[in-house]
Amino acid sequence: MGFNAESTQDAEKKELRLIACKIGESIEPDAGVPASMNPKEFTEGRIAEMVAEVSAYMRQERDMYLRHSEPLATDLEKAIHGFFSQELLERVKTITLEGGARIPPPPFYAEAKAMSGGRFPDFVHMRSITYIDVIVFHDEIDVRALFHGVVHATQMAVLRFDRYMDLYVRGFVKNLSWLQIPLEDQAYRLDARFAENPEQVFSVEEEIKSWDRAGRYL
């Protein structure tokens with residue numbers, strides 16, 4: 001990485017805004033949306049309830065879309081081969097919604113948006129959503145978006161689903177922003193690294209294990 005005249009903080013803000021534009025999350029609170037809550041307001045009991053709710057949603061959606069999903073197309077698998085284990089690539093399925101269909105907001109959407117002061121994306125604007133090992137795309141599958149989705153599938157496989165969901169919810173509660181959840185932060189960092197140089201292969205699984213050992217998901 002070369003030297004940039006922008007300060008690190010300014011560069012990070014710029015990158016954050018570019019990502020936010022892609023996924024539909026506002027960096028500043030939306031007009032008319034209350035300011036975000038204080039993370040200290042969440043009890044362990046409430047966090048456990050949130051984890052259970054999001055986990056149930058993930059499993060339900062995965063089962064629904066799995067029936068209509070397909071294995072990775074050969075050309076797509078080839079494009080990301082080497083970054084992920086062959087076992088995982090054989091397990092991951094994809095589905096592209098047709099006729100303008102969009103993934104509806106999850107049951108917890110309104111609450112999450114209110115909790116975060118608007119810093120929660122509308123699912124209809126997302127390129128894709130990963131439901132455990134099924135990646136649902138709104139439009140034609142883009143290789144970078146696929147890479148991002150498979151990163152999440154790998155995180156769930158390596159960390160195990162229950163722990164992944166606990167870390168995900170705790171990351172949201174701590175930061176009250178979708179983009180600042182460590183699991184999302186890593187996925188965006190890795191898909192950007194892939195997009196910058198697809199020929200420079202690295203192990204996503206090892207990256208996940210490294211972050212876990214360093215406690216970066218907490």
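Which helix gives the largest share of the lining of the second largest pocket? The answer is H2, with 6 residues, and the close-ups below, all taken from a predicted model, start there.

**View 1. Helix H2 and its covered side.** Let us follow H2 along residues 44-66. Its 23 residues should span 33 Å at 1.5 Å a residue, and the end C-alpha atoms, 32 Å apart, agree with that. Buried positions in H2 are Ile-47, Met-50, Val-51, Val-54, Ser-55, Tyr-57, Met-58, Glu-61 and Tyr-65. Among the elements that cover these buried residues are strand E2 (93-96), H5, E3, E4, H6 and H7.

**View 2. The second largest pocket.** This pocket has a volume of about 670 Å³. Its lining counts 36 residues, and Met-126, Ile-129, Tyr-168, Trp-178 and Glu-184 are the ones that lie nearest the centre. Sorted by class, the lining holds 23 nonpolar, 4 polar and 9 charged residues. At least two lining residues come from each of H1 (8-23), H2, H5 (109-115), E3, H6 (143-159), H7 and H8.

View 3. You have already met Glu-184, one of the residues nearest the centre of the second largest pocket.

**View 4. Inside the largest nonpolar core.** The core has 62 residues, of which Ile-80, Phe-84, Ile-103, Tyr-131, Phe-147 and Val-204 touch the most other members. Take a closer look at Ile-103: leaving aside residues up to four places away in sequence, Ile-103 touches Tyr-57, Tyr-65, Leu-97, Phe-123, Val-124, Ile-129, Tyr-131, Val-136 and His-138.

**View 5. Two loop residues with positive phi.** Ile-132 sits in the loop between strands E3 (128-131) and E4 (134-137). Its phi is near 65°, a positive value in a residue other than glycine. Leu-176 belongs to the loop between H7 (161-175) and H8. Leu-176 is not a glycine either, yet its phi is positive, at about 50°. Is Leu-176 buried or exposed? Its relative accessibility is 2%, so Leu-176 counts as buried, the cut-off being under 20%.

Methods: Residues are numbered from 1 along each chain as its sequence is written. This is a predicted model: local features need pLDDT of at least 70, side-chain atom pairs count only at pLDDT 80 or more; totals for chains, interfaces and linings use all residues. Side-chain values use heavy atoms; hydrogens and water are left out. Helices (H or I, at least four residues) and strands (E, at least two) are DSSP runs, numbered from the N terminus. Buried means under 20% relative accessible area, exposed over 50%, partly exposed in between (1.4 Å probe, protein chains only). A nonpolar core is a set of buried Ala, Val, Leu, Ile, Met, Phe, Trp, Tyr and Cys residues joined through side-chain atoms within 4.5 Å. Contact means heavy atoms within 4.5 Å. On a 1 Å grid over the protein atoms alone, a cavity is a set of points where a 1.4 Å probe fits but cannot get out, and a pocket is an open set with protein on both sides within 12 Å along at least five of seven lines; lining residues have an atom within 4 Å of a point. Grid points are joined across faces, edges and corners, and a volume is the space filled by probe spheres set on the points. Ala, Val, Leu, Ile, Met, Phe, Trp, Tyr, Cys and Pro count as nonpolar, Asp, Glu, Lys and Arg as charged, and the others, Gly among them, as polar. The expected span of a helix is 1.5 Å times one less than its number of residues.
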